Amino acid sequence: MAIEYVLQMKNIRKEYSGNKVLKGVDLSVKPGEIHALIGENGAGKSTLMNVLFGMPVIHSTGGFTGEVYIDDKKVDIKSPFEAMKMGIGMVHQEFMLIPNFTITENIKLNREITKDNFVSRLSKNERLKTLNTRAMGEDARKALSRIGLGIDEWVMVAGLPVGYMQFIEIAREIDKTGLKLLVFDEPTAVLTESEADNLIAAMRRLAATGIAILFITHRLSEVLQAADNITVLRDGELAAARKKEDTNVIELAEIMVGRKIDITSKSEQTEGQGDKGVILEIKNLSVDMPGEKVNGVDLEIAKGEIFGIGGLAGQGKVGIANGIMGLYPSKGEVFFKGEKLNPNNTKDALNKGLAFVSEDRRGVGLLLDSSVELNIAVTTMKVKDKYLKRIGFFNQIDSKGIREHADKMIKKLDIRCMRPQQLTRQLSGGNQQKVCVARALTLDPEVLFVSEPTRGIDIGAKKLVLDLLVKLNKELGMTIIMTSSELVELRTICDRIAIISGGKVEGILKPSDSDRNFGLMMAGEYRKMQSKEAI
Amino acid sequence: MIEVIKKYLNMFGLPRLIITALFIGICITAIVIGLPVSLLASDVIRRFGMFGILALAMVPSIQSGTGPNFALPIGIICGLLGSLLTIEFGLTSPALGYGFISAVLISLPFAILSGWVYGILLNKIKGSEMLVATYTGFSIVSFMQIGWVTLPFTHPEMRWPIGQGLRVTVSLDSSFGEVLNRVWGFSISGVYIPTGLLLFFFGCCGLVWLFSRSKSGIEMNIAGANPKFAVASGINVDKNRVVGTILSTIIGAVGIIVYSLSFGYLQLYLAPLYMAFPAVAAVLIGGASTSKVKISHVLIGTFLFQGLLTVALPVANQMFPEGNLSEVLRMIVQNGIILYALTKMGGGV
């Protein structure tokens, strides 16, 4: 009897402490097909995979509801090990290889073929057997050949090109007997275009041998190139399931982004913002921030606008603010009110009137074991020598001044704390974020960079933080540059939104622009489409 | 109920609780077995003042983020050098505090220079400061063994009568021995209070406290507490770590001068080798962690640790006449506390 589906997941629901991450997702994969799973960051792709692999993070947080079928039989996968036994393999995004082992050793890791030797026969202990290197080498060779990799199986992994490492991971998975389904988690993210093409060719070859492939990615053109069927997730829901023949990049982009909430934007009055002049000009900025590289960004930010920077994770949107503030080494020129900023000099940037609320709230943004009031005042004290009393050639902090200012800020931003001396560690995420904003405001900045202001805080607090930014912009005329992974947020409060892809500006959009354009830009397909249309 | 007890226990800190209990227990035993209380009390107070500044040297190094200064011997060597040079050049007039003030002044440039160099070293090995510090301390002590033998000191009080090099212990009787102890010193019912020594110690604590409330002090504290935050506020983390190391070395130098002064001798050669450990143990008992410390930790910790050792010695000798049990006890307490603190590192508050 032929099996219809190698994997079926039905009505999968999962919540993390009340936060619904998956809201009834279905997924069906046939044997020998390449199935693409796409969606924005946070759409629920990784959670769905965690469910499939029975990751401890799922079971330790209350499990999930829904049914999983493998080979049309209902299964209950409790651990990654069980998933492996059922024939599900995973190729990881970050390579899980041991650099100082050979390719064969990596492929056969923990599944080594052994043979008896004198000691193991005597002691009858399995663990004392000798490695059968010849058999291992043969197996490795077979697996490598299956994906068309001609490399010598005894080469050390260290020093191989990134593209090869991915192939070795694949070889390791297909070497496991009984593999039915192989999951690729954003396999092309770190590959060059030609390497990606090779990978897709290898995936085709594998699929032809009857192994089903589940392919998680952001790159829409690859999806159409490789996949037979496509499932799109959005906000933990099944947004669409399409056959390759029935869809195109534009439609997928539209489905992926969607419009999730009504935009009650502030931007009715924004027309004509431009005539107030440019306050910040960024020319050819490159920032060397690990995981968020920026390669040559040009932007002009008008005085008094809320400028959004969006894009998918890892594309470099976060790097821009960090680079301008001098937290990561950067190249290129930044002009603030026509004056050039010293590169890589945080103090200079702070002094000239820029302020930064970091995306890494607990790591960079706060002194967790210090009081709220000190957190608020300390940067201004350092940069502007405020809140200090001079006594001869010695100075002391002005506790009273700090307290007064902190009280004012606490009232103004509605920071919920018991008292100004409370440690920031004890505050909730939203209130911690407000402390960060208060610290930035204490500097009296003209331009405020805010990165991921709503990450990790609950929905109510999100709205408060966003409202606060709009209020600052309206009432104080402060220019705000907000970086966020959440497109909805950007489209709610920003005047203009730049989408970053591959470390460059893919395009600048208005919040009212179509989902299609946002989706295409996020996927880095917009320019390609434009140039095609031009032809 | 258990929750509440746990909360208070956490607040007070387990090591502090154990040591306090042990200290009280031993004090009661001392009284029960009839040891002279007034003599013990005098001793506890004297050793408290004597060791305090060495423990205080841990404050700037922990605050600047380099962890407890296990390389305290560097500062100690500087202090010893200052003292030796003072005696050599005979700068022991009463106006110079019988040599105390000149010893401090002479040791300063040594301490600043070596602290600066050592601070630069620490910036290159971020993450393993404590281990490197320990061995830097060991190395410098060993290196100075050669120094003590070969340096051209000529003063007869310091040289071996025959042969070459400096003596193992140099008496301070003719210079600044016990100078601070005697300033406004008085006895109450047999307990001698070395007012000058205590005042000097408290004065040093006050200075460090004032510094920690100044702009530079706060910057240093932030650089230590959260280097990433510091960078985002335009604070030069590496520079502040060097400043902290220099300060710690200076305080260490002053600390050993005060210690020797109260002890009556300069101890050369191997004596500085393990000096850092009691100082580290003291602040840790006082409630400090490897990343956070307050002046109160120094005061409480030094008192508990030195008090325990001072009282435990005669008590142990009385109870177990054979063998050197008190020394063993000291090692167990001291190293046990350091071990406990190191296991707590990085985890929790």
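Reply: Let us start with Val287(A), which stands opposite Ser330(A) in S16(A). This is a predicted model, in which local features need pLDDT of at least 70 and side-chain atom pairs count only at pLDDT 80 or more, while totals for chains, interfaces and linings use all residues. Residues are numbered from 1 along each chain as its sequence is written, and chains are lettered from A and ligands numbered from 1 in the order in which they are written.

Me: How are strands and their pairing defined, and how many bridges join S13(A) to strand S16 of chain A?

Reply: Helices (H or I, at least four residues) and strands (E, at least two) are DSSP runs, numbered from the N terminus. Two strands pair if DSSP finds at least two bridges between them. Here S13(A) and strand S16 (residues 330-336) of chain A run antiparallel and are joined by 6 bridges.

Me: In what order do the strands of that open sheet lie, and which strands stand at the edges?

Reply: The order is S14-S13-S16-S17 (chain A), 4 strands with antiparallel pairing. The edges are S14 and strand S17 (339-340) of chain A; each has a single partner strand, so one side of each is left without a neighbour in the sheet.

Me: Which helix lies across S13, S14 and S16 of chain A?

Reply: Two ideas are needed for this. Residues are in contact if their C-beta atoms, placed from the backbone, lie within 7 Å. Axes are lines fitted to C-alpha atoms, for helices over the stretch in contact, and angles run from 0 to 180 degrees between N-to-C directions. The helix is H11 (residues 317-324) of chain A, running at about 110 degrees to S13(A).

Me: Where is Gly291(A) found, and is Gly291(A) buried or exposed?

Reply: A residue is buried if 20 or more other C-beta atoms lie within 10 Å of its own, exposed if 12 or fewer, and partly exposed in between, with C-beta atoms placed from the backbone. Gly291(A) belongs to the loop between strand S13 (278-287) and strand S14 (294-302) of chain A. Because Gly291(A) has 9 other C-beta atoms within 10 Å, Gly291(A) is exposed. Its C-alpha atom is separated by 36 Å from that of Ile70(A), 221 residues apart along the chain.

Me: What is the order of the open sheet that contains S4 and S5 of chain A?

Reply: That sheet of 4 strands has the order S2-S1-S4-S5 (chain A) and antiparallel pairing. Strand S2 (19-29) and strand S5 (73-75) of chain A are the edge strands, each pairing on one side only. On average, neighbouring strands of this sheet are turned by 30 degrees against each other, direction ignored. Helix H1 (residues 45-53) of chain A packs on the sheet, touching strand S1 (7-16), S2 and S4 of chain A, and its direction makes about 115 degrees with that of S1(A). Strand S4 (residues 65-70) of chain A pairs with S5(A) over 3 bridges in the antiparallel sense, and Val68(A) stands opposite Val75(A) in S5(A).

Me: How many residues of chain A are in contact with chain B?

Reply: The contact joins 22 residues of chain A to 18 residues of chain B. On the side of chain A that touches chain B, H14(A) gives the most, with 5 residues. In such counts Ala, Val, Leu, Ile, Met, Phe, Trp, Tyr, Cys and Pro are nonpolar, Asp, Glu, Lys and Arg charged, and the others, Gly among them, polar. This side divides into 12 nonpolar, 7 polar and 3 charged residues.

Me: What are the overall figures for chain A?

Reply: Chain A has 20 helices and 24 strands. Of its 535 residues, 44% are buried. The C-alpha atoms of chain A fill a box of roughly 85 × 65 × 45 Å, taken along the principal axes.

Definitions and conventions. Contact = placed C-beta atoms within 7 Å.
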